[in-house]
Amino acid sequence: MACWRRVWAALCVFGAVVPMAAQAVPLLKCHFEVNASRSEHSFSPTHDPYAVRSVDLENRFRFKAVVLGNDTQVDTINLYVSYQTERQPMVLQHVKFVAPVALKQPTPDALTGRVALYSPFLGKELLYGCALHEVTP
């Protein structure tokens, strides 16, 4: 019985001294280029797709990334790209990724590849690429 007490005490001391490893969380990072203007946006997993807001890209395009999942895994990623007309956004692209895998050091476009989209009016170009990162907080 005394042996178990010593083992338990040793485990408690070990747990107090050794810090717990932080759990990695998935994070979608996307890079954009519109009219030679570059930007980057990050998107975290959510359970409510209706609460996700789109991102304005130079008042010409809108980008919305719905990352459904939790802090440990991503179930699906839906990417929506719209062109901003005078009246309302017009959807140009919808892409869905099912159960994508987060990577520790992915290339900037590891998930989507490098995508080029053109507006129906004036032929404006949007370049983007996204990768699902495994980030340690």
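Phe-121 is partly exposed, at 47% relative accessible area (buried means under 20%, exposed over 50%, partly exposed in between, with a 1.4 Å probe and protein chains only). The model is predicted: local features need pLDDT of at least 70, side-chain atom pairs count only at pLDDT 80 or more, and totals for chains, interfaces and linings use all residues. Residues are numbered from 1 along each chain as its sequence is written, and side-chain values use heavy atoms, with hydrogens and water left out.

**Aromatic pairs**

- The whole structure holds six aromatic pairs (ring centres of Phe, Tyr or Trp, the last by its six-membered ring, within 6.5 Å; planes under 30 degrees apart are stacked, over 60 edge-to-face, the rest tilted).
- One of them is Tyr-83 with Phe-121: the ring centres are 6.1 Å apart and the planes meet at 50°, so the pair is tilted.
- This pair links distant parts of the chain, 38 residues apart. Tyr-83 sits in strand β5 (residues 74-84), and Phe-121 in the loop between β7 and β8 (125-135). Strands (E, at least two residues) are DSSP runs, numbered from the N terminus.
- Tyr-83 is buried, with a relative accessible area of 7%.
- Phe-32, Phe-43, Phe-63 and Tyr-128 are joined by ring pairs into a cluster.

**Nonpolar core**

- The largest nonpolar core has 23 residues (a set of buried Ala, Val, Leu, Ile, Met, Phe, Trp, Tyr and Cys residues joined through side-chain atoms within 4.5 Å).
- Leu-28, Phe-63, Leu-79 and Tyr-128 touch the most other members.
- At least two residues of this core come from each of β1, β3 (55-57), β4, β5, β7 and β8.
- β5 gives the largest share, five residues.
- In soluble globular proteins, nonpolar side chains tend to be buried together.
- Phe-63 has contacts (heavy atoms within 4.5 Å) beyond four places in sequence that include Cys-30, Phe-32, Phe-43, Leu-57, Leu-79, Tyr-128 and Cys-130.

**Strand pairing**

- β1 and β8 pair in the antiparallel sense over ten bridges (strands pair if DSSP finds at least two bridges between them). Cys-30 stands opposite Cys-130 in β8.
- β7 and β8 run antiparallel and share four bridges. Ala-116 has Leu-127 in β8 as its bridge partner.
- The β7-β8 hairpin has six residues between its strands, and Leu-122 there takes a positive phi near 65°.
- β8 is largely enclosed by the rest of the structure, because eight of its eleven residues are buried.
- β4 and β5 run antiparallel, joined by nine bridges. Val-66 stands opposite Asn-78 in β5.
- Leu-79 has Val-95 in β6 as its bridge partner. A hairpin of four residues joins β5 to β6.
- β5 is largely enclosed by the rest of the structure, because eight of its eleven residues are buried.

**Salt bridges**

- The whole structure holds three salt bridges (a side-chain nitrogen of Lys or Arg within 4 Å of a carboxyl oxygen of Asp or Glu).
- Glu-33 bridges to Arg-38, with the closest N and O atoms 3.4 Å apart. Arg-38 is exposed, at 66% relative accessibility.
- Glu-33 also meets Arg-114 in a salt bridge, at 3.7 Å from N to O. Glu-33 lies in strand β1 (residues 25-34) and Arg-114 in the loop between β6 (89-98) and β7 (115-118), so the pair ties together parts that are 81 residues apart in sequence.
- Arg-114 is exposed, at 56% relative accessibility.
- Asp-56 and Arg-62 form a salt bridge at 3.8 Å, N to O. Asp-56 is partly exposed, at 36% relative accessibility.

**Around Arg-62**

- Arg-62 lies in strand β4 (residues 61-69) and is partly exposed, with a relative accessible area of 23%.
- A polar contact of 2.9 Å joins its side chain to that of Ser-54 (N or O atoms within 3.5 Å; within protein, one must be able to donate a hydrogen and the other to accept it, and residues adjacent in sequence count only if both atoms are side-chain atoms).
- Leaving aside neighbours within four places in sequence, Arg-62 is in contact with residues including Val-55, Tyr-80, Val-81, Ser-82, Gln-84 and Pro-89.
- Arg-62 and Val-91 are 29 residues apart in sequence and 9.0 Å apart in space, C-alpha to C-alpha.
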